[in-house]
Amino acid sequence: MPTPAVTGSLEDFVVRLFLHVAPALKDQTIILDRTQSWPPACSLGQAQDIMTCLHYFRQREIIMAAARDQNATEFEGQRIGLFQDLSMLMLQRRRTLWPVTDFLREKGIRYKWGQPFRLHFVWQNETRSICTLEEAQGLKGMPPSLGDQPQQSVTQEQPP
């Protein structure tokens, strides 16, 4: 969603959005365990992901069912889409680090994704946190040819 759409606190904005999408929840208290935006400080007009974790699973199901019916919704003057998973922008950013994650898997090194966008792993007994391929290539002992491998294309299978 474009940045200007968020007015007041982020949590209040998300609750207002959820009540707009799923009016059936108007008599319930929506409890958010966690809410954060990515990128945290973006320029005006730039798309922004907001990730949130609802406390009650049933409320999430009601909101997502309503969002699927609406596809995208107009809210406070902006067109907004709700997704159960990561946005395409976040998936594209993660794909840029495919050579690193592939290398880590080959070596049996566990990693996890952080927010804002980071890849966390332990390398040579030290916890590392990177967000670009160049940062990985700069690590001592990491192969400099990480970015030279062609990326595998990710295709989505079509149902028969």
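Hi everyone, let's start inside the sheet: Gly114 has Arg118 as its bridge partner in strand S6. A word on what we're looking at: this is a predicted model, where local features need pLDDT of at least 70, side-chain atom pairs count only at pLDDT 80 or more, and totals for chains, interfaces and linings use all residues. Residues are numbered from 1 along each chain as its sequence is written, and side-chain values use heavy atoms, with hydrogens and water left out.

Back to the sheet. S5 and S6 run antiparallel and are joined by 4 bridges. For the bookkeeping, strands (E, at least two residues) and helices (H or I, at least four) are DSSP runs, numbered from the N terminus, and two strands pair if DSSP finds at least two bridges between them.

Moving along, S6 (residues 118-123) is also joined to S7 (residues 126-130), by 5 bridges, and these two run antiparallel as well. S6 and S7 form a hairpin with 2 residues between them, and Gln124 in the turn has a positive phi of about 50°.

Now please hop over to Gln59, in helix H2 (residues 57-70). Is Gln59 buried or exposed? Its relative accessibility is 4%, so Gln59 counts as buried; the cut-offs are under 20% relative accessible area for buried, over 50% for exposed, and partly exposed in between, with a 1.4 Å probe and protein chains only.

Gln59 touches residues including Leu25, Ile30 and Leu54, not counting residues up to four places away in sequence; contact means heavy atoms within 4.5 Å. The side chains of Gln59 and Gln28 are joined by a polar contact of 3.0 Å. That term means a pair of N or O atoms within 3.5 Å; within protein, one must be able to donate a hydrogen and the other to accept it, and residues adjacent in sequence count only if both atoms are side-chain atoms. Thanks, everyone!
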